[in-house]
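Here are a few notes to read alongside the model. Keep the 3D view open and find each piece as you go.

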Amino acid sequence: KETEEVFKVKKSSYSKKIVKQLKKEYKEDLEKSKVRTEVNSPTDVEPPLEKTGQIKDIGQEDGTANSEHGEEEMEVESEKEEEKPKAGGAFSSALSSLNVLRPGEIPDAAFIHAARKKRQMARELGDFTPVDSEPGKGRLVREDENDASDDEDDDEKRRIVFTVKEKSQRQKIAEEIGIEGSDDEALVAGEQDEELSRWEQEQIRKGINIPQACIYQPAEVNNLYYQNTYQTLSYGSSYGIPYTYAAYGSSETKSQKTDNTVPFKTPSNEMTPVTIDLVKKQLKDRLDSMKELHKANRQQYAKHQQSREDSTKAIERLEGSSGGIGEQYKFLQEMRGYVQDLLECFSEKVPLINELESAMHQLYKQRASRLVQRRQDDIKDESSEFSSHSNKALMAPNLESFGRDRVIYQEQVKRRTAEREARRARRRQAREQTGKMADHLEGLSSDDEETSTDVTNFNMERDRILKESSKVFEDVLESFYSIDCIKSQFEAWRSKYFASYKDAYIGLCLPKLFNPLIRLQLLIWTPLEGKCRDFETMLWFESLLFYGCEEQEQVKDDADISLLPTIVERVVLPKLTVISENIWDPFSTTQTSRMVAIVQKLVDGYPSVVNAENKNTQMLLKALLLRMRRTLDDDVFMPLYPKNILENKNSGPYLFFQRQFWSSVKLLGNFLQWYGILSNKTLQELSIDGLLNRYILMAFQNSEYGEDSIKKAQSVIACFPKQWFANLKGDKTISQLENFCRYLVHLADTIYRNSIGCSDVEKRNAREHIKQIIKLLASIRALDHAVTVANDHNVKELKILIEGK
């Protein structure tokens, strides 16, 4: 294989010099093979018929080497034969005597040449008949006893078994360098002539000492061995020639030689005999296969027919429903374009709406902050004015030594004092006109009056914002900013194609879609003002009230049912959060009442929205608590004066003290208005701990012990929700009111001590005051303290007082 790989190159790569060199090497190998042949001459006398048309393969040990040397020798001999002159007469005579050669007769050169030519002609004409070798037959051997006793191994090596062999190395090289088939045949013929000549000389040399030839039959085992090892293949299987050569020495060849005939015979053509049964069987098998094929085709045909019918029905069904789908597609395309235009419009207008809303909130916040700041300045001025221990110079910060800033500060204080007294005078005059002067207490009124300048500026700015808001959609068609028009578009979609409407989650998108339009209508909506409209009477609420509530059966989990609650959650609650944090004044009873009313309305009317789990609700309640704590820390002030100063009820300090006390009580009542909305714990922390115990009890201790204190205590207890004490068990009230209860007990003791040594009328009045204190204690469920007071002062009507609470 390695040698073949070397010579497998294109013929153009071989030069003439290389070819000559190869021929020279082959001639040298031929000379060596001749010497080796003469030394080791075979004992067989059979002619090497394989050199005349077949390839010899003797043994497996040196098969390849002998084949190569044989090819080289055949090439040299063929060249020599071509140089020899051929006699025409000798050839014709030898040709005529081919069939008369007797056994034991040595053929001459002319006879051998004629036989070779005859075989060559038979090969070319295509009527060459191979002779089959039969196994188990004997072979022609030499009669010499010495030669017959040679080793069986040498005899096996000389046995001729014909088989197909691969092309020789020389033939492969000839094909690579481009030698045609005729040249190759010439080379083969030359090699055959050379081998035949050499075989002839050897036979002549051996025939001198052999008087006769004998025939022996070797062991059948050897013939079987060679027959099984080297299977006879036709020569034409490799070279395309329909003839093969038989092994020399077979029984048929010997019988033909006795009849003076050429050892060739026609091979027998073995074929299966054709019978009627065989034909019938084949026809029946073919008929059965055709029936099976026909059955399969009929099934396939039936399947195609059914598929065709189904396709026809589907086409008819789809053609019948294509009209509605086309209309739906057209409608959805129109809605798609409308929604895209609407979103583009909102993307441009929503920032303007946000700016206007922020401006309006800022306007209201400035007004509320101005009022709170004015109240804080008034308290500071009055406290500085009536405090006997305060230095007015210290109350004015950053004053220069020359007094220039002091003068400015004093002028500002005088201006604020004049404005404050003017506002109080106008309120007093208004109460006198309404007949409420007798029941009024200083400090209960809300000082929220504004100057004409502030009112004018506020109204101008608000009108400007409203004017700007009216111009937001002036360049837009009504169908893109009117809630009714937008609602009608989506109602048509819902009524016609509810499935696609639901799949598009329009019910979840509508609250966000209507959000900017509703916020624009709620721009000036402030529930703290008396003239503010209820949001449920506004146009947007009435327009969306019955959306999604057609006469048809309601679909489960329909998002359109919760359209208004969702809008309240996402629009109204954030609006109230901003109002609570920046605009609402907890000191104003009116604003607090309105704020509590709107929140309570949301809690009662929208329970699914305004609950503790809702995020917007939590933000609203958080804003309310922060605003109340900020008021408690920044706006509540309780002055402390000696009792001798408070004895003069017409003095300024006394009036300022009373005003601050009643303003604190008013704030306590405002805080407790959130009962039912805020938790009890939060309210008790703000109202009792933060306001009553911290500020109001301090004022009680500085007040006169008598009827005035009892009146104030009644006002404080009236602010408490009765539900706090309805479910209490035992004789004790809530823990935060213990300090207040102890003050009431101390008040009863003080009244009793003050009545000792007085007239009977004063004692009787003191006893009535003690009974009132017992009733107050029983009203807040402080029964233990009530029993203590009754026992200390011999009050026998305890049961009646407790039950008549």
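1. Let's begin with one term: two residues are in contact when they have heavy atoms within 4.5 Å of each other. With that in hand, take the contacts in the protein chain between residues at least 6 apart in sequence: 78% of them join residues at least 24 apart. Please remember that this is a predicted model.

2. Next, the overall make-up. The protein chain has 33 helices and 2 strands. Of its 805 residues, 41% are buried. The accessible surface comes to about 47,000 Å², and carbon and sulfur atoms account for 52% of that area.

3. Now look at one pair of helices, α28 (residues 707-719) and α31 (residues 760-779). Their axes come within 11 Å and cross at roughly 15 degrees. Angles under 35 degrees count as roughly parallel, so α28 is roughly parallel to α31. The crossing of α28 past α31 is left-handed.

4. Which residues of α28 and α31 meet? From α28 come E707, I710, A713, Q714 and I717, and from α31 come H769, Q772, I773, L776 and S779. Sorted by class, this contact has 5 nonpolar, 4 polar and 1 charged residues.

5. The crossing of α20 past α22 is right-handed.

6. On the α20 side they are L508, L510, P511, K512, N515, I518 and R519, while α22 supplies L563, T566, I567, R570 and V571. By class, the contact of α20 with α22 has 7 nonpolar, 2 polar and 3 charged residues.

7. Is S543 buried or exposed? Buried means under 20% relative accessible area; S543 has 12%, so S543 is buried.

8. What does S543 touch, leaving aside its neighbours within four places in sequence? S543 is in contact with I483, D484 and K487. One of these, K487, is 56 residues away from S543 along the chain, yet the C-alpha atoms of S543 and K487 are separated by 8.3 Å. You could find this pair in the 3D view and then trace the chain from one residue to the other.

Key. Residues numbered from 1 in each chain as written. Predicted model: local features only at pLDDT ≥ 70, side-chain atom pairs only at ≥ 80, totals over all residues. Heavy atoms only, no water. Axes fitted to C-alpha atoms, helices over the stretch in contact; angles between N-to-C directions. Helix = DSSP H or I, 4+ residues; strand = E, 2+ residues; numbered from the N terminus. Parallel < 35°, antiparallel > 145°, perpendicular 65-115°, else oblique. Left-handed = near helix turned anticlockwise from the far one by under 90°. Nonpolar A, V, L, I, M, F, W, Y, C, P; charged D, E, K, R; others polar. Buried < 20%, exposed > 50% of the residue type's maximum accessible area, 1.4 Å probe, protein only. Areas by Shrake-Rupley, 256 points an atom, 1.4 Å probe, with all protein chains shown as cover.
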